[in-house]
Each structure stands twice: as structure tokens, then as C-alpha cells.
Amino acid sequence: MHRAASSFCRIDLPLQQALPLLHGEAPATIELFCEAPHLDTTADWRGQVAWLRQYAQSHGLTYALHAPCFDLNPASANAGVRTEVARQYQIALAIAEALGARHMVIHSGPRSDPRLSAAEGRQHVRAMLELLVPHAEAHGVRLALE
């Protein structure tokens, strides 16, 4: 049996303490959550990625990535928020590639303004996907919309 778990289950702990609790002794896929204290797209993540790659190799793990989502909304009525979401998602794609992750989960986001129609919100998400898909393909990562 192959196990899978999200690091979000133990977001209360630093990633170095959470990982052993998520896979035990069995091979597994760990979905790494891109929020502090786990992976932070706003900090220098390269050293952490090097450690994670070594950890995966020594424990028979593979990784998936969950893009940052706290306070980020790809369906936002605010274009500045959508620009920041795109920037952080692109960083997360680079992290996913560096980790050898096959896919990255992103959120569609809620309608942030009651004046924004559901159709307009979906259009913002569609535009975000159209922007991200070429980056995802270039990084060899599939996007999974949650």
C-alpha cells in the first residue's frame, strides 16, 4: 500500500519534525504545504529544498506541492491580489520542479466581492490558469485545481 499525506496535517510543527510523523517507515507521497512554517514562497527556500530532496531520497518519499492559499485568491475582484497570487504560484512551481514534484494543488478561491458575478470570478480563475499552465508545463508540473 502506498500512503499519501499532507504536511498541512502537522502545520503546527516545523517541517523537519512533521515529516517523520506523516510517513513513518513506509514509502509515501507527501504533499508539502507552501505556508510557513513549512515551505514559504516569500523566503529563501533553496536550502530547505536541498534538505527535502535528500530526505526524500533516504526515506523513499515522493513529493507533491500545495501552493500557498492563506490570504490569496485567484478569483479576487482586486487585480493586485490576482497579480500577487500569480507571482507566488510561479515561485511555488519553481519549488515543485526543484523537489521533483509531479503536481501542484491550487485553489480557485471564493468570490471576494458580492458585486462580482460568479461568471466573472470563474473568468479570473480561468485567466490565472491560462497564465500558469505554460509555466507548469515548463517546470514539468501538473496543476490540480482544488
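This tour moves through a predicted model, stop by stop, from a helix pair to the cysteines and then to individual residues.

Residues are numbered from 1 along each chain as its sequence is written, and side-chain values use heavy atoms, with hydrogens and water left out. Because the model is predicted, local features need pLDDT of at least 70 and side-chain atom pairs count only at pLDDT 80 or more, whereas totals for chains, interfaces and linings use all residues.

**The helix pair**

Select residues 15-23, helix H1, together with residues 46-59, helix H2. Helices (H or I, at least four residues) and strands (E, at least two) are DSSP runs, numbered from the N terminus. The two axes come within 12 Å and cross at roughly 25°; axes are lines fitted to C-alpha atoms, for helices over the stretch in contact, and angles run from 0 to 180 degrees between N-to-C directions. H1 and H2 are therefore roughly parallel to each other (angles under 35 degrees). Next, display the side of H1 formed by Leu15, Gln16, Leu19, Pro20 and His23, which meet Gln48, Trp51, Leu52, Tyr55 and His59 in H2 (contact means heavy atoms within 4.5 Å). By class, this contact has 6 nonpolar, 4 polar and no charged residues. Here Ala, Val, Leu, Ile, Met, Phe, Trp, Tyr, Cys and Pro count as nonpolar, Asp, Glu, Lys and Arg as charged, and the others, Gly among them, as polar.

**The cysteines**

How many disulfides does a search of the whole structure find? The search finds 0, a disulfide being a pair of cysteine sulfur atoms within 2.5 Å. Select Cys9: the nearest cysteine sulfur, that of Cys69, is 13 Å away. Cys9 is exposed, with a relative accessible area of 55%. Move to Cys34, for which the nearest cysteine sulfur, again that of Cys69, is 9.7 Å away. Is Cys34 buried or exposed? Cys34 is buried, at a relative accessible area of 2%. Buried means under 20% relative accessible area, exposed over 50%, and partly exposed in between (1.4 Å probe, protein chains only).

**Loop residues**

Centre on Pro37, in the loop between strand S2 (28-33) and H2. Then go to Asp71, in the loop between strand S3 (61-66) and helix H3 (79-99). Asp71 has a positive phi of about 65° although it is not a glycine, and at 80% relative accessibility this residue counts as exposed.

**Last stop**

Finally, select Ala119 in helix H4 (residues 118-139). Ala119 counts as partly exposed, at 45% relative accessibility.

Definitions and conventions. Angles under 35 degrees count as roughly parallel, over 145 as roughly antiparallel, 65 to 115 as roughly perpendicular and the rest as oblique.
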